[in-house]
Amino acid sequence: MRRWVLIALPYAWLLALFLAPFIIVLKISLSDIALARPPYMPQLDFGAGLAGLREFFAALDFENFWFLTTDDLYWKAYLSSLQIAVVSTFLTLLVGYPIAYGMARSAQEWRPTLLMLVILPFWTSFLIRVYAWMGILSTEGLLNQFLIGLGLVSDPLTILNTNTAVYIGIVYTYLPFMILPIYAALEKMDESLLEAAEDLGCSKFSAFWLVTIPLSRNGIIAGCFLVFIPAIGEFVIPSLLGGSDTLMIGKVLWEEFFSNRDWPVASAVAVVLLLILIVPIVLFQRNEQKAREAEG
Amino acid sequence: MAETAQKPKTKSTAPDQAFEPWEDPNAKPLIEFRGVTKRFGDFTAIDDLTQDIYEREFFALLGPSGCGKTTMMRMLAGFDMPTAGEILIAGQDMAGIPPNKRPVNMMFQSYALFPHLSIWDNIAFGLKREGRGSDAIAERVEEMLRLTRLERFARRKPHQISGGQRQRVALARSLAKAPKLLLLDEPLGALDKKLRQDTQFELMDIQEKTGTTFVIVTHDQEEAMTVASRVAVMDEGRIVQVATPAVIYEAPATTYVADFIGDVTLIAGEAKAHESVVEEVVPEPEVAAPEPLVAAAEGERAPQPNALGEWLHDRLLTRVLGPRKAAPKLLPAPEVAAVVEAPVAAPKAAPTEGLAIHWAAGQPPLVAANAPPDWAGKRVTLALRPEKVAISKARPEAANALQGKVIDIAYLGNISTYHVELANGSMIKAQMANTRRISRRDITWEDDVWVSFSDTAAAVLEE
Ligand SMILES: Nc1ncnc2c1ncn2[C@@H]1O[C@H](COP(=O)(O)OP(=O)(O)OP(=O)(O)O)[C@@H](O)[C@H]1O
Ligand SMILES: [Mg+2]
């Protein structure tokens, strides 16, 4: 009995929080827009019995998915999201790896403090932090005041409402997700391996390249997925920090839902996004699995 | 521990000339430690160490855990810098030379195998850094795999093989580059005896073929005896004695070395000129002050019962165990009656020179011919190897013969060690080859026996 409960629990969790919402969204994406509340047809009417059910399924179609291919806005938005996600994942890695490396090499007694500093931003609201970046990056913002004060630039830089601001926002927001898995991998690493590499003729740099990097590979991969996957669907950062030409699928989705009130098309966009994300999610899971096996 | 370990070594270039560069004042050492001190914080791991190691040597470091063996190796390999003093390799000061620029390879005590690389790639790692051709690398790796009998595991990762196999990978990896100087930190500890012996001979073989200099750390003295040209016994960051295995074993410099290497009975006493002994058949009372064996000296550090313990013992345990001994581990002093009654054996074949060591009341002085006569009057310790002590039921014709009772027999297969308690409570270990089957053995527990040894059997050590 207890074992049964233990097994059922995660499945119930998955069912309630992932599968059920997904089926609802999928159903909406197959429906038609309607001036009603909720704004789509058909609705499932259990009172009508088997005939009503048959009628309900007959009304579902792939029209909205077809629509996505007719307007180039959508695939451009997908591509642009992918591009922004890839670039910002790479930037996050560039910033995060040295930080994780420094933390793993720091004195033992400092590590908990450093770890807490990495997690500290989560203690305030994400929205507030993004707004803070608006204050920093705007033409009259802190950054420009600082640069002009130093005399480095004469005219204020336009950063806010460009893709640059989006990259800054994504790197800033998802940095901890990059640092933590890499740190975990580096911290486990036995330092005598580096000594062994040097003993066998490596310079410090090639020892890093041939030993440290491969041994933190799983951390790097995990960190990249943890940044890449949410970054693709990111909505708040592009809409607050990005400009009118920043095209991201999360923003398109939001506009379909709330500006156009076209729930079926919005749902279709969401379903396609999910299908796109399944590939990296499966790859991520496989990487985690392999890492566990290598350890075990 | 057997003398067979000191088999002749063929390390010298000329077969009849012994390999002893340390005896040659013109020989140039490969490694020179000059006043090297290493401190970690306020802990001194290596204390003002000066030592030369010569080319083609097989230099063994022996010592208790934490005495600084690994630290010495790490300084040679370049991972730790001396706090003071300098280290020279081939005449060149190693200060500031990084590990990858030193003509040294080290096998790590923790193996330090690369977990992301296969066994094959682990062994090839150093070779690839040298930029050799891939054919040459493959050939060398195969050779190393064959040598360490790892061919079957070449494609596995380190976590997929056993501990002993991992140790062999580490060994193969350090051997692969055939460096001028090889540092092996406990290279064979995880191997079974057979494989260990085979590998020892392989190492000696490699050493002979390539002329590599080996510095090897081992906890196994038999191994040190087998492979080493010289053995250094270390204690708390200092080298206590450096000598050939035979000298270390037969003529230890201090009781520490004697006790650390092999099995030994230590007997402390006062040396007198030998002639005087023959006349004084009964020892003088003041000389006969009870002298516990040094072997039991650790009893001084043994926990003493506190007041409650004493009370408990007196109230409860006395009935079962008998009266409490004041110092539990010290062997009891002989009773006065025993002094008078004990048969005092005057050596029959008395040599004319040497020392007589008065060590316990009621026991005959022990005769030692292998000590300078001017040590008479000093306090000395006799270090007696069990295999040099014979055991018999009848009184033997020997320079030294003592009577006692067999308390314990340790059966070791080819030999047995007898623990014989003398009348004054002292213990002496004697060893005998098991030429007969156990059931036929005539000496057994509680038997009254004689232990005997010649006047040159024991090493005489100044205190
Ligand atoms: N990095 C370090 N920091 C502080 N103390 C150290 C450090 N490395 C070694 N020590 C100390 O130096 C002493 C010698 O250590 P070392 O590793 O050389 O011992 P060892 O002779 O190799 O012992 P074992 O036979 O157990 O391997 C030990 O007491 C150890 O605690
Ligand atoms: Mg060690």
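## A salt bridge between the chains

A:Glu195 and B:Arg74 form a salt bridge, with their closest N and O atoms 2.8 Å apart; the term stands for a side-chain nitrogen of Lys or Arg within 4 Å of a carboxyl oxygen of Asp or Glu. Across the interface of chain B and chain A, one salt bridge is found by this rule.

This is a predicted model, in which local features need pLDDT of at least 70 and side-chain atom pairs count only at pLDDT 80 or more, while totals for chains, interfaces and linings use all residues. Residues are numbered from 1 along each chain as its sequence is written, chains are lettered from A and ligands numbered from 1 in the order in which they are written, and side-chain values use heavy atoms, leaving out hydrogens and water.

## The interface

Chain B contributes 21 residues to the contact and chain A contributes 16 residues, where contact means heavy atoms within 4.5 Å. Between them the two chains bury about 1,700 Å², 63% of it on carbon and sulfur atoms; this is the accessible area (1.4 Å probe) lost on putting the two parts together, summed over both.

## The magnesium ion

The magnesium ion (ligand 2) is coordinated by B:Thr70 (OG1) and B:Gln109 (OE1) at 1.9 to 2.4 Å, donors being N, O and S atoms within 2.8 Å of the metal (3.2 Å for Na, K and Ca). B:Thr70 lies in helix 1 of chain B, whereas B:Gln109, 39 residues apart from it, belongs to the loop between strand 6 (104-107) and helix 2 (119-129) of chain B; helices (H or I, at least four residues) and strands (E, at least two) are DSSP runs, numbered from the N terminus.
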